[in-house]
Amino acid sequence: MRKYQHPGIASTPSGNPSNNRLIDSIRKRLLIWSQTNAKDYPWRNPVEEWHGLIAEILLQRTKVASVVPVYERFLARFGTPSELAVASMEEIEQIIYPLGLRWRAPLLKQLGGYLTQSGGKIPRSLTELQTLPGVGAYVAAAWLSIFGGVRSVIVDANIVRWLCRLINQPYDGETRRKKWLLDMAESFTPQTEWKEYNLAVLDFTMEICTSKPKCERCPLADLCEYGQVHLSSNTQN
Ligand code: SF4
């Protein structure tokens, strides 16, 4: 099995001599794609920063479309962290019920308590953020990079699938913990414009590089090993 070589892609169909240049091309194309395809979810421009944290917690292991009405209902009911902190568990459960995530209700209530104490302030470090109720490694990284103004590398199941397809590498549930994959995600995440890049990747992997990838209309097709194989086999059939 061919291994990904940090800091670039091991090989490409086009034989690009510079891995860094290749990564740069992929990033640029994603950002261009995003200019006309970015999703307009209500949490993308939150009124208060804790709203983004609520969104990230609700988005875990759920379909984005289901989260939109729940997120709006949640914030319409809980205008401040203290209102969330004193709400009954039953009411919080009822609001998030459509997501099937009842176990999140006590964590959200505790988070309301934390935010009430902190005056709505949210820590800017991955380690500190993960001490908050309901905030794991993914939520912490996603919140920091998208809402907190801090560069962070985000890796979810869709992103693992996309990165592995770029180098035509098999993947499974454990791949997201592999060092080579984390190194690859790190090298793709830019030093500036990380927010725009992460949002573009999230949208792209939900819209184009999905479980059934739409390679025929993918802006990265000529830079992607899986796409090249897939498209050439379609041409031969
Ligand atoms: S070419 Fe296909 S597999 Fe590769 S990134 Fe695009 S959609 Fe995904």
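Helix axes are lines fitted to C-alpha atoms over the stretch in contact, with angles running from 0 to 180 degrees between N-to-C directions, and a pair counts as roughly parallel under 35 degrees, roughly antiparallel over 145, roughly perpendicular from 65 to 115 and oblique otherwise. This is a predicted model, in which local features need pLDDT of at least 70 and side-chain atom pairs count only at pLDDT 80 or more, while totals for chains, interfaces and linings use all residues. Residues are numbered from 1 along each chain as its sequence is written, and side-chain values use heavy atoms, with hydrogens and water left out.

Helix 9 (residues 157–166) packs against helix 11 (residues 194–207) at about 85 degrees, the axes lying 9 Å apart, and the two helices are therefore roughly perpendicular. Residues in this contact (heavy atoms within 4.5 Å) include Ile159 and Trp162 of helix 9 and Tyr197 and Phe204 of helix 11.

The whole structure holds 12 salt bridges, each defined as a side-chain nitrogen of Lys or Arg within 4 Å of a carboxyl oxygen of Asp or Glu. Three of them are listed here.

| Salt bridge | N to O distance |
|---|---|
| Lys28 – Asp24 | 3.1 Å |
| Arg29 – Asp222 | 2.5 Å |
| Lys39 – Glu207 | 2.9 Å |

Lys28 and Asp24 are four residues apart in helix 1 (residues 19–37), and so about one helical turn separates them. Arg29 in helix 1 and Asp222 in the loop between helix 11 and helix 12 (225–236), by contrast, are 193 residues apart and link distant parts of the chain.
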